[in-house]
Each structure stands twice: as structure tokens, then as C-alpha cells.
Amino acid sequence: MNAFARIGTMWIVRGIASVVFGLLTLFRPATSIAAIVILFGVYALVDGAFLLGFAFRHEGPKAQYVIAGLLGLVAGALSFMFPGLTAFSLYVLIGAWAMSTGIAEIVIAISMRKERVNVGGLTLAGVLSLACGAMLLALPMAGVIALLGLVAAYAIVNGFFLVGAGFRIHHLARPLSAA
């Protein structure tokens, strides 16, 4: 499997995980905020570990994958270290994580574009992450239900963008495999 195919697979897996997280959040709004903190913590840890693992197997620039992976691990660890977070703290944690992930996704898309790869979906996922994080940080007292709805919508839409980018990268990898 060539490098582009591996990269495509990584984005598809991340996108599916994001959609699953969003759907679980959407269909379980009555669960306690602690359960959502744990669910987010697991997602952020898995996502961070996946990005770090990919960084060490990937040839080429690794910094953006390592940074995004470490940010995911830190966000996940904080969720478990402080399970009694208030709604405000959860807003700040998820908002900061979404913004930092968005920046990392945009940087990754820009670096891939230098290789003449069109990953518009990844750029859109990064912009969506930034917008969601900014809204969470700007409106911290909007309420837990609003937070859950916003996080669920963000995760689902972001996941679809990431899956789309992954399939686009896989599509680009086919001619390279044949060559």
C-alpha cells in the first residue's frame, strides 16, 4: 500500500470515528454530562493515539501529525483526570480542542496541496473545526443541551468531510499504485 493509500485510510477511520461519536452524542442526550466527558475522552485518546501511530509510520513531515496526536491525548487525559468538569469547563475543553484540531487539519491540507493533492474536504473539516470551537468558546453559557447538539452536529459533519477526503486521497492513490 503506497503512502497516499495509507493517508486516505487514516482519514476515513478518523471520519468514521467522528460520525460514531456524533451519533452517540445525538441519540443519548439524556445521559449525564459525565458520560459525555468519558465518551469524548475515549474519542480524543483514540484519535490522538491513531495520529501519533500514523506519524511514526509515515514517511515525510511528521510534526503536524505529532502535534495533533499529542493534543488529542492531552484533551482525552484531561477528560479522565477531571470527570466532574462543569459544563463551562467542557465547553472550553472541547472548544479549544476543536480549534487546535482545525488548525492542524488546515496545515496538513496545505502541506498535502504542495504535493499537488486536492484535499478540499480536509480543508473544510479544518474550517468547520475552527468554527465549532470558536462558537463553543464564544457562547459558554448556552446550555448543556445546546452543547451536545452542537458537538454532535460538528462531529457528524466533520466525519463526513474527513471520510470524503480519505476517499478522494484513495482515488488519487490508484494511479500511483498502477504505475
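In which helix is V42 found? In this predicted model, V42 is found in helix 2, an element that spans residues 33–57. With a relative accessible area of 41%, V42 is partly exposed, since that value falls between the 20% limit for buried residues and the 50% limit for exposed ones. V42 takes part in a nonpolar surface patch together with I38, V46 and F80. The area of this patch is about 330 Å². Helix 2 supplies 3 residues to the patch, which is the largest share.

Side chains of opposite charge can pair when their charged atoms come close. A total of 2 salt bridges was counted. One of them joins R14 to D47, with 2.6 Å between the closest N and O atoms.

Because E105 is located in helix 4 (residues 87–113) and R14 in helix 1, the contact ties together parts separated by 91 residues in sequence. The relative accessibility of E105 is 2%, and E105 therefore counts as buried. R14 counts as buried as well, because its relative accessibility is 5%; the cut-off applied for burial is under 20%.

Helix 5 was examined for its length and for the placement of its buried residues. This helix covers residues 120–138, a run of 19 residues. From the first C-alpha to the last, helix 5 reaches 27 Å, close to the 27 Å expected at 1.5 Å a residue. Its buried residues are G121, L122, A125, G126, S129, C132, G133 and L136. These positions lie on the same side of helix 5, because they cover an arc of only 145° around the axis.

How values were computed:
Residues numbered from 1 in each chain as written. Predicted model: local features only at pLDDT ≥ 70, side-chain atom pairs only at ≥ 80, totals over all residues. Heavy atoms only, no water. Helix = DSSP H or I, 4+ residues; strand = E, 2+ residues; numbered from the N terminus. Expected span 1.5 Å × (residues − 1). Buried < 20%, exposed > 50% of the residue type's maximum accessible area, 1.4 Å probe, protein only. Arc of directions from axis to C-beta. Patch = residues over 30% accessible without salt bridge, like charges linked within 9 Å, V, L, I, M, F, W, Y side chains within 5 Å. Areas by Shrake-Rupley, 256 points an atom, 1.4 Å probe, with all protein chains shown as cover. Salt bridge = Lys/Arg side-chain N within 4 Å of Asp/Glu carboxyl O.
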